[in-house]
Amino acid sequence: MTGWISAAVEVAAIVIIIYMGSVSLLYLGMFFVAGPRIRKERKLNREAHIEEIAMNKDTFPVSVLVPAYNEEVGVSSTVRSMLALNYPQFEVIIIDDGSVDETSSRVITEFRMIEIDLAIRTYFPTQPVKKAYQSTLFPNLFLIRKQNGGKADALNAGINFSKYPYFAAIDGDSLLDRDALLKTMKPIIDSNGRVTATGGTVRIANGSRIIRSEVEKIALPQTPLVLMQIIEYFRAFLIGRLGLSRLNVLLIISGAFGVFEKNRVIKAGGYKVNTVGEDMELIVRIHRSLKDEKSDQRIEYIQDPVCWTEAPSTISSLRSQRRRWQRGLAETLWTHRKMILNPKYRGIGLFALPYYILVELLSAIFELVGYVIIVGGILFAFISWEIALIMFMVTVLYGSLLSSLAVLLEEWTYHKYPDVKSLLVLFFWALTEAFWYRPMTVIWRCEGLIAALLQKGSWGNMQRKGISAEKEAA
Amino acid sequence: MVTAVLWVSGVFFVLQLILLTGIAINKNRSIRLEGRKQQAYRQALGPYIVYLSGESDVQPRLPKDKSIKIFIIEKLLSGYSQNVNSEAEKERMKMTADEHLQSHYMQVLRKGSWSERVNVLYFMEDFMMTSLKDQVWEHIQAVPERDEEYRQSMRVLASFGDERVLPFMIYDQSLSIGFTKELLRRFPAAFIDRLKTTESLPSGVLTAMLSYFGETGFYEHLPFVEANLNSEDKEIRLKALAALTQYRYYSDHDSLERFITSSLWEERMYGARLAGLLNLSRYSPQLMELAGDGNWWVRFAACEALKRLPDGEILLEFAAEEHQDPYARDMAKQLRTLRTGVTA
């Protein structure tokens, strides 16, 4: 009996070793796909690059949609960050999705808003919009208050209310660089509309000095939990998304910040309301509609860091976030299962969706089994020490060395952190990833998978501390 | 097997340590170089501004290190070019740029990386380095892709008034209307006049011209814009109408009727906007009717136009309360409270 179990565990171990080795190679392959583009634009003068469209009257106007639910702590600084955007013509629409805190009243008071009557087009049905307000200080700032219906429903209401041909969807807790809209709209403008949606790199703001909603000095946070998320973001954005974008098979534009052609989103049917992964689900649906129409439009990701977000700084909020992400991923893949391995959808069906299933979704299970085998194998001698050692090394390679590579890649491209010490700190923390941070997130991702099967979910209840320090600066 | 995995992981790790060491050393060096550059720039700024503004004819000395010297000149001239006004100041800026940057830029155009080439093309235009016109012309013909490098080369040539760029603009179908307008904004007036008399221009170029004319508001182009209201091409007509809303002028008020009653919603929308902008009260019955149009944008434009009329508030009040169409009533209510501005 014990021999049979040992054999089964050994087979599982070998499968996991092959899996992790293959995924590591795939990551490295994507790194090499992304590398030339990063290298090409590495020394580009970014200010001169957007100077023309900053002053150009033809730069497409954009509606900035900010869904907010119980965001009283951060909503004012987010609004100020949006109003300070360097862009020729835009409107900012805050959508209060039935908050039970002071979200709306903070915005109404601070920006001296007055109620306006509504004649909203209804591209999509949403929960009823109760009231709308316009700022008397900034005529391009609006607030709409609606009954609670979730983030996707709030975004759909924002699209209904918006008047411009492009919209940017932004999380209520995000801050944008002043040139964020210009940088993300540039591929759309340069391609004469052939690019239908764009997203940019999202960075974690914890630890940085933020004054009046602008990142003044980039610095590392003290908390290892947040440090690890910074490294994770490097890995996801610099290695994963850029590579997928180069292959025109990018399936995620972060919910924290993305720009979309409104007509395309309307054609695709808007945000899906009964999922927690509405950002990814929309992108997959846009891809689907593009392929169904045989359109040559594409979705692009820009490598510039343009959006700053507050990362969860407690175990419980991080756990909740990771469960939600994993559940959203599972739901999206399930919704669009007919596209998987369907040659009609080319790169999306044949590569991107299988990639997301095997690498992003199921890796949690593979990794969890791997950790159990390493620990259990060593403790109870189920597997030979050689296999245990190989598994350990592959796990370190997969969990730590790829992350440390992403840190190096970030320094090579953007060198945003101002001193050598920050680089060394990030590098050495990246090496620890496989030993504590990854096992933790793997468990939460598995919980998310279970939640997807049980259909549990909500807006997400992260406790915000607020990342901007207006009062200190005042 | 174990040995192989250990080797692969070990080599990968050691490689990373080597990379880390290299990058850290490089970062340390570049932080120090950046400090030196900034210090040298601060020292050069005052004396150089005195020289560039013509208060002194003695050119200040610059550090011998080439990279620091180029950094200082580029940064100085970038700031200065934003504020330069007189011809004499421009001439001195060009002379300084030619003296210190010309040979370096020629070398970058030949051998630099993509981003370096694009950067120097940006600077060439800012510093008006017309002496490099032929090099840019040669360069544009060798640019392999229709990307930013190609577009910036065209912008540079257009800024320098190089007429060789005209055929590129007219016959390159890949250029967007927005980019064509960028070139038009840079062209000397003579080029624009020549384009106006060119027969069978591609519709993209014509559309861009109409849009550009509306943007400039120059009345000399108005007859050209109005003539294109009779175009058979819908896009051309719409661009001409959009241009008129920017001019806020239309010589033939009677003809507005055909747009207000057009079967195309875009024409109805622009017709309504123009009627409002020109304060044409005689169209108020038609505008009242358009307030209940099937298209949201037409309803919006019609109510906005009603609001602009001399007795607009009363008309809007009437529409909000009495209009037979419920959508018109909603829109009128919104326009009563919403503050708007007309854009083309």
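Modeller: One definition to start: a crossing is left-handed if the near helix is turned anticlockwise from the far one by less than a right angle, and right-handed if clockwise. Also, this is a predicted model, where local features need pLDDT of at least 70 and side-chain atom pairs count only at pLDDT 80 or more, while totals for chains, interfaces and linings use all residues. Residues are numbered from 1 along each chain as its sequence is written, and side-chain values use heavy atoms, with hydrogens and water left out.

Colleague: Which hand does the crossing of helix 12 and helix 14 of chain B have?
Modeller: Left-handed, by that definition.

Colleague: And why are helix 12 and helix 14 of chain B called roughly parallel?
Modeller: Their axes come within 9 Å and cross at roughly 20°. Angles under 35 degrees count as roughly parallel, over 145 as roughly antiparallel, 65 to 115 as roughly perpendicular and the rest as oblique, so helix 12 and helix 14 of chain B are roughly parallel.

Colleague: What makes Ser200(B) count as exposed?
Modeller: Its relative accessibility is 74%. Buried means under 20% relative accessible area, exposed over 50%, partly exposed in between (1.4 Å probe, protein chains only), so Ser200(B) is exposed. It has a positive phi of about 45° although it is not a glycine.

Technical notes: Chains are lettered from A and ligands numbered from 1 in the order in which they are written. Axes are lines fitted to C-alpha atoms, for helices over the stretch in contact, and angles run from 0 to 180 degrees between N-to-C directions. Helices (H or I, at least four residues) and strands (E, at least two) are DSSP runs, numbered from the N terminus.
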